[in-house]
Amino acid sequence: MNLDALIPSLVDGLMLGFVYGLAAMGLTLIFGVMRVINLSHGPVMATGMFVVYVLFTGPLAVNPYLGIVAALVFGLVFGVIEYLIAVDRVINEPELTTLLATFSVNLMIVGVLTAQFTTTPRAVDVSLGSITVPLVRNVLGTHLISVAIAIVVAALLYLLLFRTRIGKQIRAVANNRSAAELMGINSRAMLALSFGIGTALAMVSGGVLATLFPFNPLSGAGYEIKSFVIVVLGGLGNPTGALVGGIVIGLLEGLAPNFVAVSWVPVIEYVIFIAILLVRPAGLLGSRV
Amino acid sequence: MIRYRIPFLPVIVVLLAIVAALPGLLGQATLREELFLIFMLITLASSINIIMGYTGYVSFGHIVFFGLGGYFAFYLMQVQGWHFIAALIASVFPSALIALVIGTAILRLRGAYFALATVGINEAMRVVFNNWETFGGAVGMFFNFSIYLQYGGAGPARELGYYVMAIVAIATIATSYFVKRSKFGLSLMAIREDQDVAMVVGIDPARAKVVAYVISAVFPAMAGATYFFRNGIIEPNDAFQLQRSIESLVMCVLGGIGTVAGPIVGAAMYEWLRGFLITNPALAAYQLFLAGLLLLIVVLFVSAGLVGWLRNRYTVLRAYIP
């Protein structure tokens with residue numbers, strides 16, 4: 001195997017991994033705080049793509065990276081509303097109920113997006129040139145920015161969760177809801193906020209993906225299943241684990257095509273996924289927030 | 001006082017048999033196609049109900065058994081030249097075996113992990129068949145025209161498939177009924193309510209869950225074998241379509257989870273609703289949105305489903321509708 005081909009694919013894989021990790025962090029945060037598997041995750045990512053797309057192609061031609069900030073804010077609001085309407089009422093029911101509640105939101109989002117935009121592939125055309133690095137040769141500017149966004153957002157999430165009062169409240173609610181309520185924490189507000197943050201993360205990663213690959217309203221489904229794999233790999237409910245899991249899967253997708261046919265890559269992913277579930281269900285880094 | 005009770009099972013079997021005979025009697029091919037789909041959905045929803053409704057484990061990727069059965073039967077008919085009925089019976093074994101192996105391994109995972117694991121297994125099977133050249137790889141397999149000749153042509157073959165699907169659906173309902181009425185069914189429901197308590201009263205949860213999972217895997221396999229026999233084409237994305245799994249789950253909930261009659265009602269309602277939305281020009285563009293909205297309303301406000309709601313509202317009905 002020659003090193004010249006290997007290093008660029010390693011860099012590509014690392015880049016993908018950060019973006020995947022970002023989406024998976026949203027999914028895992030929601031699970032960690034309220035034990036809900038958010039089945040609207042994929043369409044929410046697709047919504048993030050279309051927020052960036054609409055702003056970019058609209059009359060203002062908003063810069064895609066500004067569009068990602070808009071997607072973050074929109075995701076936060078959207079998530080809080082989704083929680084209050086669809087999840088809050090059934091938050092204490094068995095998991096089937098919350099699965100179906102979030103799945104119904106999934107159907108609604110896909111329905112609206114396909115009615116508005118059809119399933120024609122779209123793309124956000126953005127080019128930032130490339131820089132030449134020894135050994136790696138060309139690194140695309142869009143890729144560098146994607147990694148930077150992922151790192152900044154992940155760092156912000158960390159600061160929010162572990163360095164602020166609100167973060168402390170969220171973690172308290174995740175740990176023991178009734179005890180948190182006895183301490184005077186408004187658990188409903190914290191749950192809604194966490195759902196909003198999780199949704200915002202998914203939308204941001206959707207927005208980033210929009211600047212990298214073509215997409216349509218159904219694109220979310222593939223990324224959603226990928227997020228499941230990553231989340232289980234890193235430990236269900238553990239945001240750091242999700243980032244690590246994302247990088248593992250990204251590296252796998254970048255490197256494996258050098259050794260096996262591309263169509264076998266998902267086979268490897270699912271084998272790892274099932275093996276982790278069987279051997280170490282808590283994931284690589286252990287579960288919980 | 002002797003109270004006269006209408007026995008549920010004979011009534012529902014006779015009713016379904018009459019419905020199944022209608023297209024033949026009326027000579028309506030379109031009705032037959034609609035009913036074929038409904039019988040298939042009843043089979044899928046009712047078998048999911050056994051593992052999800054009775055036992056409390058959400059099998060999200062249940063369609064994997066449909067796809068496996070379809071692929072195995074298709075292979076036997078196309079490559080080995082087996083008769084459809086023989087292939088249909090054989091199609092049960094791979095699914096049952098996989099359910100046994102996987103069930104033993106993953107049913108000890110609780111709740112959320114199990115749901116995710118079943119999605120993973122379905123997706124894994126899809127990508128494996130995508131790469132497996134024996135089964136046609138990503139392109140899939142097609143029937144030669146000559147395959148249908150032994151059944152008297154494509155038309156009679158479709159008709160044979162239709163009646164087989166009706167019988168499979170009725171068999172699923174009967175099995176679901178007997179499971180619910182048996183001691184075994186009681187132990188499943190005990191596990192659903194509280195696994196630790198179930199163990200204390202002498203139930204072996206691991207064993208009971210695996211048996212329930214295998215039972216629920218057998219019928220989708222036959223449905224898959226029949227569906228793809230009539231289809232004449234099989235390819236991985238159609239066989240292992242996660243959406244179909246989720247739809248059968250939704251039907252189960254619409255009709256009433258954990259009830260024998262629920263999946264029948266749910267499947268019929270869902271199909272009727274979809275037909276209504278697709279054919280209505282004003283609503284067609286938003287059919288997915290409306291389906292989602294309706295599901296949300298059911299989940300939030302009528303979580304017992306139609307049959308469950310009726311049973312709770314009019315408790316007399318509990319004696320008649322299991």
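1. The expected span of a helix is 1.5 Å times one less than its number of residues. In this predicted model, helix H10 of chain B, residues 205–231, has 27 residues and reaches 39 Å from its first C-alpha to its last, close to the expected 39 Å. H10(B) is mostly covered, with 21 of its 27 residues buried. The helix is followed by B:Gly232, whose phi is positive, near 80 degrees.

2. Leaving aside neighbours within four places in sequence, B:Gly224 is in contact with B:Phe66, B:Gly67, B:Gly69, B:Gly70, B:Ser91 and B:Ala239. The C-alpha atoms of B:Gly224 and B:Val64 are separated by 9.7 Å, although these residues lie 160 places apart along the chain.

3. Helix H6 of chain B, residues 111–131, can be described in the same terms. H6(B) has 21 residues and spans 31 Å between its first and last C-alpha atoms, close to the 30 Å expected. Of the 21 residues in H6(B), 16 are buried, and the helix is thus mostly covered.

4. Is B:Ala29 buried or partly exposed? This residue is found in helix H2 of chain B, which comprises residues 29–54. B:Ala29 counts as partly exposed because it has 13 C-beta neighbours inside 10 Å. Its C-alpha atom is separated by 29 Å from that of B:Leu242, a residue 213 places away along the chain.

5. The contact between the two chains takes 35 residues from chain A and 34 residues from chain B. On the side of chain A that touches chain B, helices H4 (95–117), H9 (220–234) and H11 (265–279) each supply at least two residues. H4(A) provides the largest share of that side, 16 residues. By class, the side of chain A that touches chain B has 28 nonpolar, five polar and two charged residues.

6. The largest nonpolar core has 195 residues. Those with the most contacts inside this core are A:Leu22, A:Val52, A:Leu201, A:Val204, A:Val232 and B:Met165. Helix H1 of chain A, residues 3–34, contributes the largest share of the core, 16 residues. Apart from neighbours within four places in sequence, A:Leu201 is in contact with A:Leu22, A:Ala23, A:Met25, A:Gly26, A:Leu29 and A:Val153.

7. In chain A, the axes of helix H5 (residues 141–163) and helix H6 (residues 165–175) come within 5 Å and cross at roughly 75 degrees. H5(A) and H6(A) are therefore roughly perpendicular to each other. From H5(A), the contact involves A:Leu160, A:Leu161, A:Phe162 and A:Arg163, while H6(A) supplies A:Ile166, A:Gly167, A:Ile170 and A:Arg171. By class, this contact has five nonpolar, one polar and two charged residues.

8. In chain B, the axes of helix H13 (residues 262–279) and helix H15 (residues 305–313) come within 7 Å and cross at roughly 130 degrees. H13(B) and H15(B) are therefore oblique to each other. The contact is made by B:Gly262, B:Val265 and B:Gly266 of H13(B) with B:Gly305, B:Leu306, B:Val307 and B:Gly308 of H15(B). By class, the contact of H13(B) with H15(B) has three nonpolar, four polar and no charged residues.

Conventions. Residues are numbered from 1 along each chain as its sequence is written. Chains are lettered from A and ligands numbered from 1 in the order in which they are written. This is a predicted model: local features need pLDDT of at least 70, side-chain atom pairs count only at pLDDT 80 or more; totals for chains, interfaces and linings use all residues. Helices (H or I, at least four residues) and strands (E, at least two) are DSSP runs, numbered from the N terminus. A residue is buried if 20 or more other C-beta atoms lie within 10 Å of its own, exposed if 12 or fewer, and partly exposed in between; C-beta atoms are placed from the backbone. Two residues are in contact if their C-beta atoms, placed from the backbone, lie within 7 Å. Ala, Val, Leu, Ile, Met, Phe, Trp, Tyr, Cys and Pro count as nonpolar, Asp, Glu, Lys and Arg as charged, and the others, Gly among them, as polar. A nonpolar core is a set of buried Ala, Val, Leu, Ile, Met, Phe, Trp, Tyr and Cys residues joined through C-beta atoms within 7 Å. Axes are lines fitted to C-alpha atoms, for helices over the stretch in contact, and angles run from 0 to 180 degrees between N-to-C directions. Angles under 35 degrees count as roughly parallel, over 145 as roughly antiparallel, 65 to 115 as roughly perpendicular and the rest as oblique.
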